[in-house]
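Subject: The structure we talked about

Hello,

Here is the structure I promised to pass on. Please have a look at it first, and then read on for what turned up.

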Protein chains: 2
Amino acid sequence: MASAISASGPLRLRQDQRLSERVTLSTFTLDGAQLSLDDFDAWLARRKAEHPYRVDLIPFAELRGWRTDPTTGNLVHETGRFFSVEGLNVQVHSEPRTAWQQPIIYQPEIGILGILVKEFGGVMHCLMQAKMEPGNPNLLQLAPTVQATKSNYTRVHRGASVNYLEYFERPQRDRVLADVLQSEHGAWFHRKHNRNMIVETDDDVPVREGFCWLTLGQLAELLKRDNLVNMDARTVLSCLPRPLHPETFRALHSDAGLRYWLTSERSRYDVHAERVPLAGIRDWERTETEIRHVDEHFFDVVAVSVEAASREVVSWTQPLFRPAGTGIAAFLLNRIDGVPHLLAHARVEGGLRDSVEIAPTVQRIPSNYTDVPAGERPPYLDLVLDADPSRVHYEAVHSEEGGRFLDAVSRYLIVETPPSMSLHDVPPGYFWVTPEQLFLLIEQGHCVNVQARTLVACLGAAEVENHA
Amino acid sequence: MASAISASGPLRLRQDQRLSERVTLSTFTLDGAQLSLDDFDAWLARRKAEHPYRVDLIPFAELRGWRTDPTTGNLVHETGRFFSVEGLNVQVHSEPRTAWQQPIIYQPEIGILGILVKEFGGVMHCLMQAKMEPGNPNLLQLAPTVQATKSNYTRVHRGASVNYLEYFERPQRDRVLADVLQSEHGAWFHRKHNRNMIVETDDDVPVREGFCWLTLGQLAELLKRDNLVNMDARTVLSCLPRPLHPETFRALHSDAGLRYWLTSERSRYDVHAERVPLAGIRDWERTETEIRHVDEHFFDVVAVSVEAASREVVSWTQPLFRPAGTGIAAFLLNRIDGVPHLLAHARVEGGLRDSVEIAPTVQRIPSNYTDVPAGERPPYLDLVLDADPSRVHYEAVHSEEGGRFLDAVSRYLIVETPPSMSLHDVPPGYFWVTPEQLFLLIEQGHCVNVQARTLVACLGAAEVENHA
């Protein structure tokens, strides 16, 4: 319909068909203007060799610049900035009622995660950066152009200025392809959100050391590898406007039906989460080196020292959250009448601003369930764990934000449902959506959690979308 | 584009063109299947005469079922339900930094505001109710089909069950036209939101006493009158899917540009709002009958007794917030290349979940500014107050939620800009948007404040939209 109208006067069309075409072209381009994928591998290996670093676990007492507040027991930075580790008291008023306490990361400032985009030879490229983060299993990963907390760019830690920040602080308004506040891990952060920005430019952008231009097709290839594209890059990529094909207008449920389902789920759970002092939270104990759950479930809080030459400051210490095991995050996929659909799960997380967001079908740490009898295991967990390889359309191990989490790795999967599975027989809290419907919710922010956004970013790599 | 594809198999088209046509038809229908507008007037007058009531200001000590917590000074209900009046400490970290304390209503449960829709003779009608609320200047107003807090429908106050609630608690999923969580007054409520629902049915719905069916055209006529359509009805009506015309695809700013602007505004203000004990908040004082600001600005908290036969219980007492004067809420209107645009204002309110939502161009209590010199007066306030009547496209006085606010009335206006005004010379925090772009944000929830939603609901009455 849009294409039948020609913009005149000062107005522009609200839907940008041309952008769709440009995204598609970049997605199909595997030869970058700057680097081939082989070149990229060599470039990354060189970065790694030239910038050695080490990360060691240390006792809390050896943290520098951090202190334990004597009254609350909270771990806080001496500047009052960065983040703090506090307690969270969560009560969920639903059937059945549940309540728990846990440590939580509190960081009440909005950071910028931004990817700068520019056309080379008519093909969109993304400016990506090789970035070391102490919690990543392999330390060096591919990050967005800018990944900056306010503490970063207001220079609290007296480090270097943030490269390319000016493109995101003062972009040309009509070159902003995406700008949306998205939640991060609701199980570990209290009400944290960051700006996810994609900004295009025609400037002659200097490529600084540690940065490179890659096409969307190259990024899709790299998303097939383990622990390479970092969480911040994945969440920003999930916000890229999706090409609209006629197929995208067909779905099992209408958009209004989807909104009704999500609002119902949000209203079903009355979640009350309030910060409390970390000292004395129920079921958690503190040693000289860890704050851990008495059953050793969930995660623990540890401290590390970092020595690196490539980071903004040469060495530092900080707390990190370390999950109790490797996670699994999987969407079930079903082609309904030829149109791909994913099985969304409305998941409560204590730290989310809106209590409930859409998560992958399965988002669990399987080792927590080894002793759980068959009838009580989480929906679809075994179906994903036992899936025949022919039904696995995508599989890679990715790590979560390495600046806050230590070895927080999950196996991300997209698994086609077995033919025997009924389309309509899904448990409460689950709902079939098209990738385009998920994007509709990503575009508005605070609806799709960070694990589900990672899987949306990987859809291109999974090749589940068979558009004509 | 959608219309070129025919849905086959189990799928449906995501965009419902037929719904657009049905909304348009109802908007142009002034003769309702049940009542003409004259009949409606007689019906409402009869309701008023048959159900007398009185509301009196009382000292706090005469509240029944409510008590002042001896430690915090908070006004709380003895059941712990309904709502409480507490203190709020607000700090806004932006330039310039500001901070204040104020009383706030805390009601951490999600209510349902719902309008039931049914076709009579092929025309959509809304089931509306004549409802008494103690804070309304004329007490009896036109409300949605259902207007229920959880306390209402879980029968905390041992009253009657809520009429028609079953249509909203268990609707047919594909008959839900809208279901979205929307904020209410961020200056008076802490993080309050309600479900705004519109549900259609083909059932043979019995019309209970105090209810009537009206077309969208009849409601538009009634929205031209003062203090008739209540706030809950107005906010639900603002969520009705809008007819999509080709014109709606043209706007001064792209949707991505609009999202960038709103995200920027949200990131510009770091708003920290936390509940604190009501006793001892700065600049507020408590007498036997009022909690008021020392300068008598903003609002005060009072208590009332209500005696009425038509409400769920026969008599009760409760606290109410009473604003310091009549408000003004106005959108500036500009037809850019023939397409109507409204001037949105990104407004910080301490009680909003996302700190900033889109407000009308002007949202003020003018009496607060009588002594303010010309150069320091709020943007556009005088332009609206002094507008030539020929430029006023819409004007009516509406009251806010009469169950929480006493005589909280505002003059709502839509005012066309003078020809001399430059389109591009707007101050920071203001942005031209089309009504359809506003609806895009209403549809996602928590983006457009309740005053702006009232004006969107009144756009039909204003006849500013000149679609071919």
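Predicted model: local features only at pLDDT ≥ 70, side-chain atom pairs only at ≥ 80, totals over all residues.

Most residues other than glycine have a negative phi. D407(A) is not a glycine, yet its phi is positive, at about 50°. You will find D407(A) in the loop between β24 (392–399) and β25 (409–416) of chain A.

E296(A) sits in the loop between β17 (291–293) and β18 (299–308) of chain A. Its relative accessibility is 56%, so E296(A) counts as exposed.

**Cavities**

Next, the empty space inside. Rolling a probe the size of a water molecule over the atoms shows where such space is left. The structure holds 6 cavities of 30 Å³ or more, and the largest cavity has a volume of about 410 Å³.

Which residues lie nearest the centre of the largest cavity? They are Q444(A), G445(A), Q444(B), G445(B) and C447(B), out of a lining of 29 residues. Both chains take part: β11 (176–183), α7 (255–268) and α9 (435–444) of chain A, and β11 (176–183), α7 (255–268) and α9 (435–444) of chain B, each supply at least two residues of that lining. The element that gives the most to the lining is α7(B), with 5 residues.

**Aromatic rings**

A pair of aromatic rings is described by the distance of the centres and the angle of the planes. Over all chains, the count comes to 20 aromatic pairs. One of them joins F120(A) and W213(A), an edge-to-face pair with 5.0 Å from centre to centre and 65° between the planes. F120(A) belongs to strand β7 (residues 112–120) of chain A and W213(A) to strand β13 (residues 211–215) of chain A, so this pair ties together parts that are 93 residues apart in sequence. F120(A) counts as partly exposed, at 26% relative accessibility, whereas W213(A) counts as buried, at 3%.

Another pair is made by Y164(A) and F211(A). Their ring centres are 4.9 Å apart and the planes stand at 75°, so this pair is edge-to-face. Y164(A) lies in the loop between α3 (150–153) and α4 (166–169) of chain A and F211(A) in strand β13 of chain A, so parts 47 residues apart in sequence are tied together here. Both Y164(A) and F211(A) are buried.

Elsewhere, ring pairs link W188(A), F189(A) and F405(A) into a cluster. There are also charges over rings: K118(A) lies over the face of F120(A), 5.4 Å from the ring centre, and R286(B) lies over the face of F60(B), 5.0 Å from the ring centre.

**Cysteines**

How many disulfides does the structure hold over all chains? The count is 0. A disulfide would need two cysteine sulfur atoms within 2.5 Å. For C458(A), the closest cysteine sulfur is in C239(A), 14 Å away, which is too far for a bond. C458(A) is buried, with a relative accessible area of 0%. For C126(B), the closest cysteine sulfur is in C212(B), at 10 Å, again too far for a bond. C126(B) is buried as well, with a relative accessible area of 4%.

Y167(A), in helix α4 of chain A, is buried, with a relative accessible area of 14%. Between Y167(A) and P206(A) there are 13 Å in space, C-alpha to C-alpha, and they are 39 residues apart in sequence.

V92(A) is in strand β5 (residues 84–93) of chain A and is buried, with a relative accessible area of 4%. The C-alpha atoms of V92(A) and L216(A) are separated by 41 Å, and these residues are 124 apart along the chain.

Best wishes

Note on methods
Residues numbered from 1 in each chain as written. Chains lettered and ligands numbered in written order. Heavy atoms only, no water. 1 Å grid on protein atoms, 1.4 Å probe; cavity = no way out; pocket = protein on both sides within 12 Å on 5 of 7 lines; lining within 4 Å. Points joined across faces, edges and corners; volume = space filled by probe spheres on them. Helix = DSSP H or I, 4+ residues; strand = E, 2+ residues; numbered from the N terminus. Phe/Tyr/Trp six-rings, centres within 6.5 Å; stacked < 30°, edge-to-face > 60°. Buried < 20%, exposed > 50% of the residue type's maximum accessible area, 1.4 Å probe, protein only. Lys NZ or Arg CZ within 6 Å of the ring centre and 35° of its normal.
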